[in-house]
Amino acid sequence: MNDAALPCGYHLRLDFDGGEPLALPPGVLDIGTTRGSSLGPVEPTRAQLRFVLDRRGLWLDVREARLGVHVNGRPVRRMALLRGGDAIFLNGRELQVLGRMPDDIAELPPLESVDGDLRIVLRGTGGQFHGRAFTLEQPRTVGSDAGADIRIDDPGSPAQRAQLHCMTRGRVLLRVPTGVAPVLVNGHRVREVLLRTGDQVVFDAHHRFVVEAPLGDLTVMDPELVAPEAPPPVARSASLRRLPWVLVAAALIGGLLSLLLFAGGR
């Protein structure tokens, strides 16, 4: 399978908790306990986990149902669809999917802050706010402080963990105060970055959010995630099916005209 067969924007790696991240190739990658008792690529007969990367995305296939496999703290017995930043636990060992590195604000042209955008949403996918959504029509703060817009009910969480601001061109600025531990975006530790649609942000290891925006608004979409438009195959095949009938009708009309001319000539 070549890169053209993959979803646009997919450049994923697998982090083995301290080891060298392993690139996830198109197709199938089997992971299990190696002969050195660590996790790594193995032959299919010894696989405990199978990662499959195709046009639909990255899939986790648990090869043995009895294994204690969790994704972001939730048990998985058979299959799960993964995204960058997901944490996978196999019998106490952690693997993490590293996704796209978010844009460093220092490396981009300056963007102006805007009042906000109701169409851009921070949706909880794990932890205390699973299933809840927070619009970014105004700047948001995240932390355990009573005045935080997204209050994390955890005594160990900093009072003001991070700030989120909408910027021009549909981007979201994430800024972590000095002296506070960085947060995770797509599995990468960051302090000041610009977020795109689909980025996963993790606070305090288990409070997970995904940035969402309307699919029809290309100004807030990552250009790499927008597939090129192709001509609709149904319309094309229908026109091809109509072509023989057009030829038959033309032949019949031609025959009728010939008969009329022949009759008039007599």
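How many salt bridges does the structure hold? The structure holds 12, a salt bridge being a side-chain nitrogen of Lys or Arg within 4 Å of a carboxyl oxygen of Asp or Glu.

This is a predicted model, in which local features need pLDDT of at least 70 and side-chain atom pairs count only at pLDDT 80 or more, while totals for chains, interfaces and linings use all residues. Residues are numbered from 1 along each chain as its sequence is written, and side-chain values use heavy atoms, with hydrogens and water left out.

**View 1. Confidence across the model.** The average pLDDT, the predictor's confidence in each residue from 0 to 100, is 79 for the protein. A score of at least 70 is reached by 74% of the residues. Residues 1–6 have pLDDT below 50, with 13 contacts beyond near neighbours in sequence; contact means heavy atoms within 4.5 Å. Residues 216–240 also fall below 50, and this stretch has 21 such contacts. Where pLDDT is low, the predicted coordinates should not be read in detail.

**View 2. An open sheet of 6 strands.** The strand order is β12-β21-β18-β17-β15-β16, with mixed pairing. Strands (E, at least two residues) are DSSP runs, numbered from the N terminus. Two of them pair if DSSP finds at least two bridges between them. β12 (103–104) and β16 (150–151) are the edge strands; each has a single partner, so one side of each lacks a neighbour in the sheet.

**View 3. The β12–β21 pairing.** β12 runs antiparallel to β21 (residues 192–195), and 2 bridges join them. Aspartate 104 has valine 193 of β21 as its bridge partner.

**View 4. Arginine 100 with aspartate 199.** Their side chains form a salt bridge at 2.7 Å, N to O. Arginine 100 sits in the loop between β11 (93–98) and β12, and aspartate 199 in the loop between β21 and β22 (200–203), so the pair ties together parts 99 residues apart in sequence. Arginine 100 is buried at 18% relative accessibility; buried means under 20% relative accessible area, exposed over 50%, partly exposed in between (1.4 Å probe, protein chains only). Aspartate 199 is buried too, at 3%.

**View 5. Arginine 196 with aspartate 103.** The closest N and O atoms of this salt bridge are 3.1 Å apart. Arginine 196 lies in the loop between β21 and β22, aspartate 103 in strand β12, 93 residues apart. Both residues are buried. Shared partners join Arg100, Asp103, Arg171, Arg196 and Asp199 into one salt-bridge network.

**View 6. Arginine 56 with aspartate 54.** This salt bridge spans 2.8 Å, N to O. Arginine 56 is exposed at 59% relative accessible area, whereas aspartate 54 is buried at 13%.

How values were computed
Helix = DSSP H or I, 4+ residues; strand = E, 2+ residues; numbered from the N terminus.
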